[in-house]
Amino acid sequence: MATLNVQKREGAGKYHSFSLRKAGNIPGVVYGKGMEENINVTLNLKEFVAIVKAGERLIDLDFGPSKMRVLLKAVQHGTYDHEILHVDFRAISENEILEVALEIVLAGEAPGLQVGGMLEQNLHQVTAKCLPKDLPERISVDVSGLNLGDIIYAKDLPKLNGVEYVLHGNPAVVSCHAPREEAPAPAAETEAPTAPGVIGEKEREEKEKSKEKEGKRPEPGKA
């Protein structure tokens, strides 16, 4: 479990938060059951990022004279640069049942890959209920027995001491399948057929030509 040094924060507002970030710190808040009021805190950005990268969810906030165990609940990022703007922590007790979304990671090498198969991970997170002492960093799924055509379902997730999965149905977690065939290329466009002539058009044209010829014949008695 990680420890993060924090200080109580008195100021608020955009300008105050900007000043904190400029100094390499970020604002945060701690809330939870039994607390009379929320606690605004300041924490070091680099220390916090290192904890997040390590996959820690339970953190001991060190205020100097005292510590408080919290669960990392939310991280607010900037819209465009993904800069961390604010962090939410929830104070917890040792006998409290937590309900936390955990990342699912794949471990091992599937034999199905050796025969041209492909792995497809369908479920990337699962919600788990447990006491703080039993909370894992993530859920590791072993795919070393996955052959071509095999599927690992949610019911097959590893059984961990004190951990209960909150599932809706029995979705597939990961599967090994043959590569999907590419769709055939569209057929080349052929020249459009000539539109059929209008019935009777040719006969009408011939009659018109005959009338023109008759109109040009000399009158009787004239040379």
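What is the volume of the largest pocket? In this predicted model, the largest pocket has a volume of about 170 Å³. Its lining consists of V52, G55, E56, R57, L72, A101, L102, E103, Q125, E137 and R138. By class, 5 of the lining residues are charged, 4 are nonpolar and 2 are polar. Strand β7 supplies the largest share of the lining of this pocket, 3 residues.

**Overall architecture**

The protein chain contains 13 strands and 3 helices. It has 223 residues, of which 29% count as buried. Among contacts between residues at least 6 apart in sequence, 65% join residues at least 24 apart.

**Nonpolar cores**

The largest nonpolar core holds 25 residues, and the members that touch the most other members are I104, L135, L157 and V173. At least two residues of this core come from each of β7 (98–107), β9 (125–130), β10 (139–142) and β13 (172–177). The strand that gives the most to this core is β7, with 4 residues. Another core lies apart from the largest one; it has 19 residues, including A2, V30, L43 and F48.

**L167 and its surroundings**

Residue L167 is located in the loop between β12 (164–166) and β13. Leaving aside neighbours within four places in sequence, L167 is in contact with V126 and A154. Along the chain, L167 and V126 are 41 residues apart, while their C-alpha atoms are separated by 7.6 Å.

How does L167 count, buried or exposed, or in between? L167 is partly exposed, because its relative accessible area of 32% falls between the 20% limit for buried and the 50% limit for exposed.

**Cysteines and accessibility**

A search of the whole structure finds 0 disulfides. Residue C130 is buried, with a relative accessible area of 1%. C176 likewise counts as buried, at 1% relative accessibility.

| Residue | Relative accessible area | Class |
|---|---|---|
| C130 | 1% | buried |
| C176 | 1% | buried |
| L167 | 32% | partly exposed |

Definitions and conventions: Residues are numbered from 1 along each chain as its sequence is written. This is a predicted model: local features need pLDDT of at least 70, side-chain atom pairs count only at pLDDT 80 or more; totals for chains, interfaces and linings use all residues. Side-chain values use heavy atoms; hydrogens and water are left out. A nonpolar core is a set of buried Ala, Val, Leu, Ile, Met, Phe, Trp, Tyr and Cys residues joined through side-chain atoms within 4.5 Å. Buried means under 20% relative accessible area, exposed over 50%, partly exposed in between (1.4 Å probe, protein chains only). A disulfide is a pair of cysteine sulfur atoms within 2.5 Å. On a 1 Å grid over the protein atoms alone, a cavity is a set of points where a 1.4 Å probe fits but cannot get out, and a pocket is an open set with protein on both sides within 12 Å along at least five of seven lines; lining residues have an atom within 4 Å of a point. Grid points are joined across faces, edges and corners, and a volume is the space filled by probe spheres set on the points. Ala, Val, Leu, Ile, Met, Phe, Trp, Tyr, Cys and Pro count as nonpolar, Asp, Glu, Lys and Arg as charged, and the others, Gly among them, as polar. Contact means heavy atoms within 4.5 Å.
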